[in-house]
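Here are my notes on this model, as numbered points. Have a look at the structure first, then read on.

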Amino acid sequence: WSLARTPDGRVLVGNASDTLYVLQQNTTQTRLDKTIIAATNWLLVDSNTDTSNHIDLAMRLIGLGSAKKYYADTAMVTTLQIKMEQIGTLLRSRQRSDGGWGWQNGNTSDSMVTAQVGVALDYLNPSPNDPVVQNAIKLLLKRQLADGSWISENGVLSTHLAATTWV
């Protein structure tokens, strides 16, 4: 699901099957607004995230990127962008020499975590030629199994489905 606010204040909710719902300004929207504001404020607090956990950092970046769409054309976009760039800079600095990221800082590279970090960094619109992007892609291409799937080498999730879905 994704959320966005229109210039006239309506909230649009979309799902993975390209269905778009429009929430009218009413009690439901007021509750939704309060919920999004509370969640966004929680994501902005550094102490709510284990900064040694790359999955946590990636999920936080994705959450802030989604919130940024909701706050389009408001002053909050700048605050969100600054925090997103801080998280992105931290993640980029922790890319391992093989191009990947492990579950925790110091772990060996994990395909699923690398894919999650890649999706998160995409919220910052990197160039496709960015060495961080290129090195992550090269690692993932090397790690694909003969059957076409990927695994989580750090054992984050035991199914090929989870890792392959993220990649």
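1. Asn125 sits in the loop between α4 and α5 (helices, H or I with at least four residues, and strands, E with at least two, are DSSP runs numbered from the N terminus). Its phi is near 55 degrees, a positive value in a residue other than glycine. Asn125 counts as exposed, at 66% relative accessibility (exposed is over 50% relative accessible area, buried under 20%, partly exposed in between, with a 1.4 Å probe and protein chains only). Asp73 is another one to look at: this non-glycine residue has a positive phi of about 65 degrees. Asp73 belongs to the loop between α2 and α3, and at 79% relative accessibility it is exposed.

2. A word on the ground rules. This is a predicted model, so local features need pLDDT of at least 70 and side-chain atom pairs count only at pLDDT 80 or more, while totals for chains, interfaces and linings use all residues. Residues are numbered from 1 along each chain as its sequence is written, and side-chain values use heavy atoms, with hydrogens and water left out.

3. The overall picture: six helices and three strands, in the order β-β-β-α-α-α-α-α-α along the sequence. The C-alpha atoms fill a box of roughly 50 × 30 × 30 Å along the principal axes. Of the 167 residues, 38% count as buried. The protein exposes about 9300 Å², with carbon and sulfur atoms supplying 56% of it (areas come from the Shrake-Rupley method with a 1.4 Å probe; for residues, only the protein chains shown count as cover). Among contacts between residues at least 6 apart in sequence, 54% join residues at least 24 apart (a contact means heavy atoms within 4.5 Å).

4. Now to α5. Which residues of α5 are buried? They are Val132, Ala136, Leu139 and Leu140. These cover an arc of only 95 degrees around the axis, which puts them on the same side of α5 (the arc is that of the directions from the helix axis to the C-beta atoms). The face turned away from that buried side carries the exposed residues Pro131, Leu141 and Lys142.

5. What covers the buried residues of α5? The cover includes α3 (76–93) and α4 (111–122). At the start of α5, a side-chain oxygen of Asp130 comes within 2.8 Å of the backbone nitrogen of Val132 (a polar contact is a pair of N or O atoms within 3.5 Å; within protein, one must be able to donate a hydrogen and the other to accept it, and residues adjacent in sequence count only if both atoms are side-chain atoms).

6. Thr114 is worth a click. This α4 residue is buried, with a relative accessible area of 1%. Leaving out residues up to four places away in sequence, Thr114 touches Gly99, Gly100, Trp101, Ala136, Leu139 and Leu140. The Thr114 side chain also reaches the backbone oxygen of Asp110 at 2.8 Å.

7. On the core: the largest nonpolar core has 34 residues, and those with the most contacts inside it are Leu61, Leu64, Tyr71, Leu91, Trp101, Val117 and Leu121 (a nonpolar core is a set of buried Ala, Val, Leu, Ile, Met, Phe, Trp, Tyr and Cys residues joined through side-chain atoms within 4.5 Å). At least two residues of this core come from each of β2 (11–14), α1 (27–44), α2 (54–70), α3, α4, α5 and α6 (160–166). The most comes from α2, with eight residues.

8. α3 has 18 residues and reaches 26 Å from first C-alpha to last, close to the 26 Å expected. Its buried residues are Val77, Leu80, Gln81, Lys83, Met84, Ile87, Gly88 and Leu91. Beyond residues up to four places away in sequence, Leu91 touches His54, Leu57, Ala58, Leu61, Trp101, Val117 and Leu121.

9. Last, Ala4 in strand β1 (residues 2–5). Is Ala4 buried or partly exposed? Ala4 is partly exposed, with a relative accessible area of 27%. Ala4 touches Arg10, Val11, Leu12, Lys69 and Tyr70, not counting residues up to four places away in sequence. Ala4 and Leu161 are 157 residues apart in sequence, and their C-alpha atoms are 29 Å apart in space.

Notes: The expected span of a helix is 1.5 Å times one less than its number of residues.
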